[in-house]
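Here are my notes on the model you asked me to look over.

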Amino acid sequence: MATSTAPAAPLKPFRVIAAASIGNALEWYDIAVYAIFATVLSKVFFPAQDETVSLLLTLGTFGVSFLIRPIGAVVLGAYADRAGRKASLTLSIRLMVLGTAIICLMPSYQTIGMIAPIGILLARLIQGFSAGGEFGSATAFMVEHVPGRRGFVASWQFASQGLSTLVSAGVGVLLTTTLSPAQLESWGWRIPFAIGLLVGPVGYYIRRFIDEAPEFTEAVRTPQSPVRTVLRTQKVRILLVIGALLVSTVLNYTITYMPTYAIKQLGLPASTSFTATLVTGVVLTAVTPLAGHLSDKIGRVPLMSVFAVLILLLIYPIFALLVAFPGFGVMVAMMLLIGLLKACYFGALPALMAELFPIETRATGMSVGYNLGVSIFGGFTPFISTWLIGFSGTSLAPSYYLMFAAAASLVSLLVIRRRIGLR
């Protein structure tokens with residue numbers, strides 16, 4: 001049934017982008033900060049005699065939080081399709097702030113014992129649940145407000161991730177160059193989480209004063225459960241979302257893992273790795289909207305296919321150069337290239353995922369597909385990369401996982417073009 005809410009005047013693209021992207025930016029900022037400071041957090045909350053075990057526990061907690069994302073996707077995605085995008089977006093950002101506050105204020109393991117790591121796990125689960133419904137609701141909100149420029153406006157979902165990477169890496173550079181290791185472990189690690197905590201209320205305020213898109217308010221929607229509809233009739237589309245997303249999400253979490261990789265595998269100082277990640281954030285922020293705009297002109301699938309092939313072909317040489325010539329210049333250059341490849345692929349991805357589903361199940365379908373993909377393949381990327389290095393005995397192992405992801409995404413794009421008919 002159509003909602004009784006009177007159609008509102010279309011919002012300007014800037015307001016749409018700001019309202020929808022700020023929650024995704026906060027989510028990604030918290031994720032990036034946790035991964036960037038993983039070596040510090042492992043000592044504060046997960047101390048163990050073996051440093052590798054301590055780090056694996058930290059990264060495992062990082063990954064486990066992604067297992068609850070599909071639940072958040074179902075609950076908050078269905079809520080967005082029934083009650084509206086605005087209602088879901090305001091709820092998700094409240095939950096994000098709560099999770100960030102718990103991490104920021106949590107005493108160390110030495111102070112309260114096992115309550116500390118349990119509290120961190122709880123915080124990550126809250127953040128994972130809220131993030132589960134964030135992407136689908138926010139992307140649906142964007143493409144429905146500006147249907148003529150779906151690629152461009154939706155690309156800001158991922159451009160905001162680049163901005164968050166930029167900010168988190170900048171904070172990492174600042175703290176590691178101005179604070180001693182003892183200061184970082186004592187209180188310095190709380191600063192980046194406190195910054196994230198300040199952003200939350202701003203995002204909530206912006207979202208409180210937005211209207212639904214006319215495309216959504218005027219649509220005729222059946223009272224049937226969006227979740228039931230998606231699971232009964234749109235399972236193939238969910239699998240295609242996961243496949244198209246695969247290389248993007250693995251690259252996402254590889255980038256957040258790179259500071260740990262550079263420190264542990266290449267023996268580089270923390271400031272070098274953070275600076276390289278900062279450069280990647282600049283590229284992702286600047287290039288992603290351009291790729292989204294280009295996809296509005298030439299199509300999503302052709303653009304994404306070209307860069308999936310380039311990722312498949314170039315990722316092993318990139319890691320080989322890093323391992324053979326570890327240093328500041330090489331690290332920055334290779335991370336810049338990774339950022340460029342990623343931005344050109346995933347700039348078109350949010351709009352493609354939105355176009356795979358009708359409006360009545362769009363938030364649910366995107367949320368479920370996106371979060372299953374991120375949970376299964378993305379969130380455990382740092383853990384899998386660390387395990388692969390230990391198992392294979394080579395620092396090149398993370399590239400194998402990325403090559404697998406690129407090949408799988410190429411197959412999915414081919415099916416989307418031939419079976420679904422999207423371009």
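1. The second largest pocket holds about 350 Å³ of space. A pocket is here an open set of points on a 1 Å grid over the protein atoms alone, with protein on both sides within 12 Å along at least five of seven lines, and its lining residues have an atom within 4 Å of a point. Grid points are joined across faces, edges and corners, and a volume is the space filled by probe spheres set on the points. Of the 16 residues that line the second largest pocket, I22, A25, S160, L163 and S164 are the closest to its centre.

2. The model is a predicted one, in which local features need pLDDT of at least 70 and side-chain atom pairs count only at pLDDT 80 or more, while totals for chains, interfaces and linings use all residues. Residues are numbered from 1 along each chain as its sequence is written, and side-chain values use heavy atoms, with hydrogens and water left out.

3. Which elements give two or more residues to the lining of the second largest pocket? They are α1 (13-36), α8 (150-178) and α10 (190-208), where helices are DSSP runs (H or I, at least four residues) and strands are runs of E (at least two), numbered from the N terminus. The largest share, eight residues, comes from α1. By class, this lining divides into 12 nonpolar, four polar and no charged residues; Ala, Val, Leu, Ile, Met, Phe, Trp, Tyr, Cys and Pro count as nonpolar, Asp, Glu, Lys and Arg as charged, and the others, Gly among them, as polar.

4. The largest pocket has a volume of about 400 Å³. It is lined by 21 residues, of which T39, V40, K43, E185 and I263 are the closest to its centre. Two or more lining residues come from each of α2 (38-45), α3 (51-64), α9 (181-188), α13 (235-264) and α14 (270-298). The lining of the largest pocket divides into 12 nonpolar, five polar and four charged residues.

5. The helix α2 deserves a separate remark, as the largest share of the lining of the largest pocket, four residues, comes from α2. This helix is mostly covered, with seven of its eight residues buried, where buried means under 20% relative accessible area with a 1.4 Å probe and protein chains only. The buried residues of α2 are A38, T39, V40, L41, S42, V44 and F45.

6. The structure also holds one cavity of 30 Å³ or more, a cavity being a set of grid points where a 1.4 Å probe fits but cannot get out. The largest cavity has a volume of about 70 Å³, and E27, D30, I31, F66, R69, M96, R124, Q127, G128 and A131 line it. Both α1 and α7 (115-145) supply at least two residues of this lining, with the largest share, four residues, coming from α7. Its classes are four nonpolar, two polar and four charged residues.

7. As for the chain as a whole, the protein has 20 helices and zero strands, and 59% of its 423 residues count as buried. The C-alpha atoms fill a box of roughly 60 × 45 × 35 Å, taken along the principal axes.

Notes. Buried < 20%, exposed > 50% of the residue type's maximum accessible area, 1.4 Å probe, protein only.
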